[in-house]
Amino acid sequence: MASSDFARQIAGYGLTTAGILYRMPDHPAILQEYVWQDYDLAPRFPELNRFLDFWQAKLDGKLFRVTVSHKDLIGPADLRAVGSEFRLH
């Protein structure tokens, strides 16, 4: 049975990392970074947008900047059937 992460990669999801720079709630002049990472679909990034919506609705730290990087780890064209198998001993 394939893992759910593998199934998501086959469906087009890639590893997305977001560096979220935000202002400290008690000290707005100080910036802090939070690193978020999950599988997401580029270029719309629905998972990241869902997380950022949650952040803005529920957390006190005001967002300053979000930097996103994305890497497709595997896709349907990267898989191929094995033509033959040889066993020794």
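Tutor: The following dialogue takes up the features of this predicted model one after another.

Student: Which residue has a positive phi although it is not a glycine?

Tutor: That residue is Phe45, with a phi of about 50 degrees. Phe45 also lies in the loop between E2 and H2.

Student: Is Phe45 buried or exposed?

Tutor: Phe45 counts as buried, because its relative accessibility is 16% and the cut-off for buried is under 20%.

Student: Let us turn to charged side chains. How many salt bridges does a search of the whole structure find?

Tutor: The search finds two. One of them joins Arg8 to Glu47, and the closest N and O atoms are 3.9 Å apart. This pair links distant parts of the chain, since Arg8 is in helix H1, residues 4-10, and Glu47 is in helix H2, 39 residues apart. Arg8 is partly exposed, at a relative accessible area of 24%.

Student: With which residue does Glu47 form a salt bridge at 3.1 Å?

Tutor: The partner is Arg50, and 3.1 Å is the distance between the closest N and O atoms. Glu47 and Arg50 are separated by about one helical turn, because they are three residues apart in helix H2. Through shared partners, the salt bridges join Arg8, Glu47 and Arg50 into one network.

Student: Over which ring does the charged end of Arg8 sit?

Tutor: The charged end of Arg8 sits over the ring of Tyr13, at 4.6 Å from the ring centre.

Student: Aromatic rings are my next topic. How many aromatic pairs does the structure hold?

Tutor: In general, a pair of aromatic rings is described by the distance of the centres and the angle of the planes. This structure holds six aromatic pairs. In one of them, the ring centres of Tyr34 and Phe51 are 6.0 Å apart and the planes are at 20 degrees, so the pair is stacked. Tyr34 lies in strand E2 and Phe51 in helix H2, so this pair ties together parts that are 17 residues apart in sequence. Tyr34 is partly exposed at 36% relative accessibility, whereas Phe51 is buried at 17%.

Student: How is the pair of Tyr34 and Trp55 arranged, and what are its two values?

Tutor: The pair of Tyr34 and Trp55 is tilted, with 5.8 Å from centre to centre and 55 degrees between the planes. Tyr34 in strand E2 and Trp55 in helix H2 are 21 residues apart, and their pair links distant parts of the chain. Trp55 counts as buried, with 5% relative accessibility. Tyr22, Tyr34, Trp36, Phe51, Phe54 and Trp55 form one aromatic cluster.

Student: Finally, which side chain is joined to that of Gln9 by a polar contact?

Tutor: The side chain of Tyr39 is joined to that of Gln9 by a polar contact of 3.2 Å. Gln9 is placed in helix H1, and at 11% relative accessibility Gln9 counts as buried.

Conventions. Residues are numbered from 1 along each chain as its sequence is written. This is a predicted model: local features need pLDDT of at least 70, side-chain atom pairs count only at pLDDT 80 or more; totals for chains, interfaces and linings use all residues. Side-chain values use heavy atoms; hydrogens and water are left out. Helices (H or I, at least four residues) and strands (E, at least two) are DSSP runs, numbered from the N terminus. Buried means under 20% relative accessible area, exposed over 50%, partly exposed in between (1.4 Å probe, protein chains only). A salt bridge is a side-chain nitrogen of Lys or Arg within 4 Å of a carboxyl oxygen of Asp or Glu. Rings of Phe, Tyr and Trp (its six-membered ring) pair if their centres lie within 6.5 Å; planes under 30 degrees apart count as stacked, over 60 as edge-to-face and the rest as tilted. A charge sits over a ring if NZ of Lys or CZ of Arg is within 6 Å of the ring centre and within 35 degrees of the ring normal. A polar contact is a pair of N or O atoms within 3.5 Å; within protein, one must be able to donate a hydrogen and the other to accept it, and residues adjacent in sequence count only if both atoms are side-chain atoms.
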